[in-house]
Amino acid sequence: MVGKRILACLMCLAIAFVLSGCWNYRSLDELDIVVGLAIDYDKEKKVFWVDYEIADLMGADKQSPIQSRIVRSEGKTIFDAARNAKRKEEDRLYFGSANTVVISHQVAKEIGLNPVLDWILRDAECRETVNVVISQEETAANLLETTEGYKGIISVAINQIVREDKKVTASGINRKVFELYGSIHSKKNSAVVPAMHKKMCVSRKIPELNGVGILKGDKLIGYLPPDKTQYLLYVIEKDAGGLITLSVTDMETDDIALEVFKHLVDKSISFEDDKITVKIKTKTYVGVAENLANLPMRDKEVVRKLERAAEEKMKTSIEDVVSILQQNFRTDVLGFGELIYRRNLKLWEQLEPDWDKIFPTVGVDVSSEVVIISSAYLK
Amino acid sequence: MQPFWKRKREPKIRNLDKKLEQWNGSLDQEKVKPSLDDNMAIVKKLFADMDMMRYKVIETDGKNPARYGIVFCDGLVSSEIINTHIVKPLMLLTPSGKGSLIDNLLTSVVQVGETQVTDNFKNLVENVTYGDTILFADGCAQAAILSTKNFALRSITEPENEKVLGGPREGFTESLTQNISQILRRLRTHELKVRKLTLGRKTQTAICICYIESLVNKEVLQELYRRIGKIDIDGVLEENYIAEIIRDHPYSAFRTTGYTERPDVVVGKLLEGRIAMVVDGTPMVATFPYLFIENFQSNEDYYFNYYFTSFSRILRMCAFLLTVVVPGFFIAVVAFHQEMLPLQLLIKIAQERQSVPLPAAIEAVVMLMVFELLRETGVRMPSNIGQALSIVGALVIGQAAVEANLVAAPMIIVVAATGITGLVVPKMNAPITVWRIIVLAFASSFGFYGLSVSIGLMLIHICSLTSFGVEQISLKGSFKFQAIKDIFFRAPWFKMVVRPDRLTSNHVRQSEGNHGG
């Protein structure tokens, strides 16, 4: 009978609701929202020390900015450490909103990034878009430790600094976990990771972006300072911003600042007489941001001269960075391997086994073009 | 004792019709007697303990002495008509003519326009209780019914729950004739048909079915008559008594019949080929068939600029979706899918939730109940104590509960948004109440999975709705301009070339392209 059937359905439904009532239910007040992690390694005890920066929801009143607190746990692996944190914490850690992972230079040099990346990518909760930063301080935790008077969450600040840097100062390169994993496990190129240190600012020490760390495989082999990083950025990234400063008079400091509006880069390879040459062509649209030399910008000849000077600076700086990477580090963060793979697969198949040896010998031909599109002329 | 599913049901009363005849049929057999005294005795017996009935016997002498009896109900009649146009001529004039005495009285004595002759007491009772006067003549086995109706009626005012900024301000009243007159005045064509029926064994409520002959879908009309013919109910006090019995999908929360209090709306719907049902005693007029989009249409849409009204209509649709989905969506995000929230928002909400005692889902149910209570109180309470309500509502719930950390502030915002958007489409309050709870239950048990399942169920249900055999939502998938001109936007009047094709086969409303100066 229909009535009974309906009744039976209703009872099933009622039970379904009751039995499934906790399916994946996570009450927000029982979560510790992890915003950032710092990963260190204790060589003597052979354990990982993981520090979590957690949004401190109980502290302070609702008006003031949210503070954070640091929880530290240890474990044989990183996930082991993450689980061990529950022994100290009332609520369980929630990694879904973590946006920064700081890795100590010691871990990066000796153990490599793999254990960290592997866990973050495998864990269902962590995002693949977490930003990776290498700490140049003694430990990674140092970077997250708040100095007195600092308001807000440091991981959020680090994330913001690293993410927006490319457009503004062009002194570091933002790398997310999945991007890093991709380049580490590819033979065609090597990865760079933004590096940060702490610097005195007025009365407290705060984190500052300090160029990039160069990786070979998943291990850190050295750093590139911010001013060199800028020109690395102009080779490997599209749409980089930043300022190009020049000296045209004999003043002690640079007297012209050009703001990069748009930067285009085109790389091509040529293979002649067993010699590989990579052509790097850049085209940069800039505006005159500062003109301390008082150049008359209405004069087209002057503008053209300035453009030539900027082109020269761009060309030499890029060549400088390329030679450091080829001769000192001998690792292909420039993505030449990738380029050959895409343009000439057969050649790449020949080169692949010895690419590490071939890379330093690749010839590089840089040509730069700078166009001043706005001089912001002042009378 | 047997388990409940094995217990036998009591046999249904199949001979209900016979019993009904026993209760009601006796009056049908009662005929008017030739003797005036007999007739008066029967009437007095029928209306024993009914002190509003007035009985009067008039005797005339002279050439042809005669005795007449008149019966009427005080309060429903015009005493002026009875005194000067019935009693006075009966006393002074002598009937003349060739017909029966009662016919002669009607043709030469009584000065009343609307009259009727009958020998059936049931008929007499129905009319005398509706303000008519019965006239018996001694020696005649028939009685006359003289129209002397005069009720106290409410004047025509603007309907409270369908207010408009512009457009006609007339609304229907409780009087059937007045309501019909308002429709007639707007439709001066012979094609407007008004069929009168009577429903309700005890109330004998008059019902008028109005339609335009050349536009109406005959199948829908026949189906309507068939369904109304099957109704057997003791009383009809409101349009909904009938609409609920005859509608498709009787258990659905969504409306499948329309209603309105405005004559302009009724005429607009008649012109699209719909049928209107006017019920005596209520200002609500039902319209059939009812399309789903009518839930979101308002008569103002057609009176104001089409850009503005198209925007308002989209707002109404969004409001319906929001009010059904928002509580469930919020719970799903907060309790299952925290990854959906940006960090800053997550921290804010988590901070609010820290010190709140109830889980989010239960809190949502409690707060929604509180809002519904406030709303219901607002409707029921006398208007001069409204201040107390707003203080309790705004201060106690809004501020004190949040400050005492009993309720999280985001939840208050969610409930407020749900409540406000729920008031935008008052015609859908039933489906909103039901489906909001269903969506909330699914979402707080299964997260987004439950949310999408429950919304899917609702959409499937809406798509399956029909009204008198007409699909409420057309799934034929025609996206031609004329098919969608009055759905998500309201096309300008010069583009409304055809009528909705599901309602009528007579499509052309106006010759095309008659706009522009």
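**Strands, sheets and a surface patch**

Analyst: Gladly! Let's begin with a pair of strands: β1(A) and strand β2 (residues 47-56) of chain A run antiparallel and are joined by eight bridges. Please keep in mind that this is a predicted model.

User: What makes β1(A) and β2(A) a pair?

Analyst: Pairing asks for at least two bridges between two strands. β1(A) and β2(A) have eight, so they count as paired. One example is Gly36(A), which stands opposite Glu53(A) in β2(A). The two strands form a hairpin with four residues between them, and in the turn Lys46(A) has a positive phi of about 55°.

User: Which other strands does β1(A) pair with, and in what sense?

Analyst: Three bridges join β1(A) to strand β4 (residues 92-94) of chain A, in parallel. There, Ile33(A) has Tyr94(A) as its bridge partner. β1(A) also runs parallel to strand β5 (residues 100-104) of chain A, over four bridges. Gly36(A) turns up again here, with Thr100(A) in β5(A) as its bridge partner.

User: Why is strand β1 of chain A called mostly covered?

Analyst: A residue is buried when its relative accessible area is under 20%. Eleven of the twelve residues in β1(A) (residues 31-42) are buried, and that is why the strand is described as mostly covered. For the chain as a whole, 49% of the 379 residues of chain A count as buried.

User: What else describes chain A as a whole, in secondary structure and span?

Analyst: Chain A has twelve helices and 13 strands. Its C-alpha trace spans about 90 × 60 × 55 Å along the principal axes.

User: Why is the pairing called mixed in the sheet β10-β11-β12-β13 of chain A?

Analyst: Here is the general idea: strands of a sheet pair through backbone hydrogen bonds, either parallel or antiparallel. Now to this open sheet of four strands, where the pairing is mixed. Its edge strands are β10 (243-246) and β13 (363-374) of chain A, each pairing on one side only. From one strand to the next, the twist averages 40°. Going across the sheet, β10(A) and strand β11 (residues 256-272) of chain A run antiparallel, with four bridges. β11(A) and β12(A) are antiparallel too, joined by 16 bridges. Strand β12 (residues 275-291) of chain A and β13(A), in contrast, run parallel, with eleven bridges.

User: Why is Val392(B) called partly exposed?

Analyst: Its relative accessible area is 42%. Buried would need under 20% and exposed over 50%, so Val392(B) at 42% falls in between. Val392(B) lies in helix α14 (residues 386-403) of chain B. Together with Ile391(B), Leu395(B) and Val396(B), Val392(B) forms a nonpolar surface patch of about 340 Å² accessible area.

User: How confident is the predictor in chain B and in the complex?

Analyst: Chain B has a mean pLDDT of 85, with 94% of its residues at 70 or more. Within chain B, confidence is lowest in helix α1 (residues 16-24), at a mean of 54, and highest in strand β9 (residues 275-279), at 94. For the complex, the predictor gives an ipTM of 0.80 and a pTM of 0.81.

Conventions:
Residues are numbered from 1 along each chain as its sequence is written. Chains are lettered from A and ligands numbered from 1 in the order in which they are written. This is a predicted model: local features need pLDDT of at least 70, side-chain atom pairs count only at pLDDT 80 or more; totals for chains, interfaces and linings use all residues. Side-chain values use heavy atoms; hydrogens and water are left out. Patches are made of residues with over 30% relative accessible area and no salt bridge: like charges are joined within 9 Å, nonpolar side chains (Val, Leu, Ile, Met, Phe, Trp, Tyr) within 5 Å. Accessible areas come from the Shrake-Rupley method with a 1.4 Å probe; for residues, only the protein chains shown count as cover. A salt bridge is a side-chain nitrogen of Lys or Arg within 4 Å of a carboxyl oxygen of Asp or Glu. Buried means under 20% relative accessible area, exposed over 50%, partly exposed in between (1.4 Å probe, protein chains only). pLDDT is the predictor's confidence in each residue, from 0 to 100. Axes are lines fitted to C-alpha atoms, for helices over the stretch in contact, and angles run from 0 to 180 degrees between N-to-C directions.
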